[in-house]
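Please find below a short note on the structure under review.

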Amino acid sequence: MMAYADIAVALLAAGQSVRFGSDKLLAEIDGEPLGVKAPHMLMNLGFGYHFAVCRSDGDLAAHYARLGLTVIINDEPERGQAHSLHLAIEGAIATEAKALLVILADMPFVSSAHLMALVAAFEGSITASTNGQTSMPPAIFPREDWPDLLATSGDAGARGLLANAKLVAAPCEELRDIDVGADLLRPPSQ
């Protein structure tokens, strides 16, 4: 198992929230903004490097910085998730990290137990989450695959690279993301 200190974490938090209608990361869930749930958990797991890719007009960048994440501003969120991923990789390249864990800020139900299971399963090849139907983030990418991540484009992000990933299962409710306002009202078990 790779040491947590050898893994960089990238929290992607620069989405435009088009379907949601406002900045979904500021929507309240369990008494706090949705966008702060993942970073609080990440900072307690011992990863070596922490990055948050945010929009320049977002309100969470200062909060992420206070938590100790290195904030990377995405001035072009309209270029899609792949652009945020590229910025995260550029930040990670400057470190000694041997792998990059990518997690999305709009997935507030991911548990620390699942992230620990991903790290435990990681053996040097792409390792991703699955809800039993598809591969998805959170996912770990070894450093040698970062050039492939830099070749991605659009809003699909690394979806194509996850097709052949080693998979670690988690319940559907844990891996669900928030896309529209109704997702906040839906009980986690649906």
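The points that follow pass from the chain as a whole to single elements and residues.

1. Overall composition. The model is predicted, and the remarks here should be read accordingly. The secondary structure of the chain consists of 8 helices and 9 strands. Of the 190 residues in the chain, 54% are buried.

2. Contacts and surface. Among contacts in the chain with a separation of 6 or more, 70% are between residues 24 or more positions apart. The accessible surface of the chain is about 8500 Å², and carbon and sulfur atoms contribute 51% of that surface.

3. Geometry of helix α3. Helix α3 covers residues 81-93. With 13 residues at 1.5 Å a residue, helix α3 should span 18 Å, and its end C-alpha atoms do lie 18 Å apart, so expectation and model agree.

4. Because 10 of its 13 residues are buried, α3 is largely enclosed by the rest of the structure. The buried residues are A82, H83, S84, L85, H86, L87, A88, I89, G91 and A92. Their cover includes the strands β1 (7-13), β4 (49-55), β5 (70-74) and β6 (99-104), together with helix α5 (146-150).

5. The aromatic pair. The structure contains 1 aromatic pair. Y4 and F47 form this pair, which is tilted, with 5.2 Å centre to centre and 45° between the planes. The pair links distant parts of the chain, as its members are 43 residues apart: Y4 belongs to the segment before β1, while F47 sits in the loop between α1 (37-42) and β4. Both Y4 and F47 are buried.

6. Cysteines. How many disulfides does the structure hold? The number is 0. C54 has a relative accessible area of 2% and is therefore buried, being under the 20% cut-off. C172, in turn, has a relative accessible area of 38%, so this residue counts as partly exposed.

7. A120 is located in helix α4, which runs over residues 112-121. Is A120 buried, partly exposed or exposed? Its relative accessibility is 45%, which means that A120 is partly exposed. A120 and M1 are 119 residues apart in sequence, yet their C-alpha atoms are 5.5 Å apart in space.

Methods
Residues numbered from 1 in each chain as written. Predicted model: local features only at pLDDT ≥ 70, side-chain atom pairs only at ≥ 80, totals over all residues. Heavy atoms only, no water. Helix = DSSP H or I, 4+ residues; strand = E, 2+ residues; numbered from the N terminus. Buried < 20%, exposed > 50% of the residue type's maximum accessible area, 1.4 Å probe, protein only. Expected span 1.5 Å × (residues − 1). Contact = heavy atoms within 4.5 Å. Areas by Shrake-Rupley, 256 points an atom, 1.4 Å probe, with all protein chains shown as cover. Disulfide = S-S within 2.5 Å. Phe/Tyr/Trp six-rings, centres within 6.5 Å; stacked < 30°, edge-to-face > 60°.
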